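Take a look at the picture, then read on.

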Amino acid sequence: MKTIPRKAEELFVHPVVVLEASPDGSRRFRSKTGLPPDYSRCTGEWIEHWASAAPERIFLAERGAEDRWVKLRYGDARSRVYRIATWLLGQGLSAERPVAILSDNGIEHALLMLAAMHIGVPCCAISPGNSLLSRDHAKLKANFEILRPGVVFADPLERFLPALEAVRRLHDGIVVAGSRSQSTAGAISFARIETGCDEAAVGRALAAVTPDTIAKFLFTSGSINAPKAVINTQRMLCASQKAKDLIWPFLKDTPPILVEWLPWSHTFGGNHDFNMVLRWGGTLYIDDGKPTPALLGKTVRNLKDVAPTLYFSVPRAYDMLVPLLRDDAELRESFFRRLQLIFYAGAALPQHLWDELERLSLETLGTRIAMVSSWGSTETAPLATDCHYQAARSGVIGVPVPGVELKLVPVADKLEVRVKGPNVFPGYWKQPDLTRESFDEEGWPALRRTRCRGL
């Protein structure tokens, strides 16, 4: 039986960094490993590769009828992407009329997203909370004011009818109802957009995609001000995964298997994790659970069904999961059996959870599992720093990834972090004033005025 690498020295390339002082009192911080220029042109190259190299490998899986896993293989994913892309080519879409997705994670959501990016049409997954948890739909209206989409996807349609009515006057696009919908009144069915295929036309559109082509718009949370539409280019997405290639070389040998709920409307789940699966020919089991009392049971069921190789989540989820891992031997064995690392982001993991996860891994496996994190933002797609070594404690965000340079600017008793690199956004869509405000006089984005005491 092949030994599963679990120790940091087996998984990661040891970081070597350069720290330089500047006359203005700031410091420049970068990886000594450069980012070679020969990384992927666009994400479409990844699905083309795996559909050819491993067509029978499972790409995505979700719970379907009778709670069974519905699985999509790479070869079938490419075929469906081409059929959906053929339909999209006839809809007059562009950056000015992108694809908007209101729904939770799902196979059809993924296929529509990939088909749009395959032909150079931006897509935007909008947080379902903006549609389902709001009475006035103010954030959703602000999203649509900026996007003015040409296609809107909702699944199931019935859940999103009030939201669709709220934004009806803010777009002239076609509404597509997902296959879980009971009715398609006022919309067309997803099956209808998969009926034809013009492989030559889709191939020409794919060939025309450049690193500067807009792949996605991702909205900031808008917790303080109105949501901003962050432009994510193909270069940003591909550079981020190339950096991961250089510091996480084990991905070449063990394609990732994820069981994950993190929403694709957020850069953590939608860029870092989804793109990692696609880039390395891995498998993503879409977890229909969430870290809430009502839905955590679904996550437990899914983790008992499928043993992940990597686990990505946020501290709140680990807070709920750790007691169950402690008390449920079946869950604990499945969770740790082939796990290579535990990754947290979004906030610092409380030290007591870190300690307990280490203890449980030692008890289950006989060794402590690697525990890591990183730092970035929607504007960096999201990778800016990565802890590709075993930190001694929680809260360590690591060092700059290859191709990224940080400028650490003294502000009071802390440091303000500014970022440059091919993974950094060119600006906010249709918000030039906010874009200008986000870059300093040397062109460094000061992202959210992030402060830190040190790295």
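This is a predicted model: local features need pLDDT of at least 70, side-chain atom pairs count only at pLDDT 80 or more; totals for chains, interfaces and linings use all residues.

## Helix α8 and its packing

Helix α8 itself covers residues 199–208, and its buried members are Ala201, Val202, Ala205 and Leu206. Looking down the axis of α8, you will find these buried residues within an arc of 135 degrees, so they line one face of the helix.

Phe153 sits in strand β7, which spans residues 151–154. Is Phe153 buried or exposed? With a relative accessible area of 1%, below the 20% cut-off, Phe153 is buried.

Leaving aside residues up to four places away in sequence, Phe153 touches Ala100, Ile101, Leu102, Ser103, Glu108, His109, Leu112, Val176, Ala177, Gly178 and Phe190. As for Phe336, 183 residues apart from Phe153 along the chain, 36 Å separates the two C-alpha atoms.

## A three-stranded open sheet

Three strands form an open sheet in the order β17-β18-β19, with antiparallel pairing. At its edges stand β17 (374–376) and β19 (399–400); each has a single partner strand, so one side of each is left without a neighbour in the sheet.

Strand β18 takes in residues 383–386 and pairs with β17 in the antiparallel sense over three bridges. Opposite Thr385 in β18 you can find Trp375.

Methods
Residues are numbered from 1 along each chain as its sequence is written. Side-chain values use heavy atoms; hydrogens and water are left out. Helices (H or I, at least four residues) and strands (E, at least two) are DSSP runs, numbered from the N terminus. Buried means under 20% relative accessible area, exposed over 50%, partly exposed in between (1.4 Å probe, protein chains only). Contact means heavy atoms within 4.5 Å. The arc is that of the directions from the helix axis to the C-beta atoms. Two strands pair if DSSP finds at least two bridges between them.
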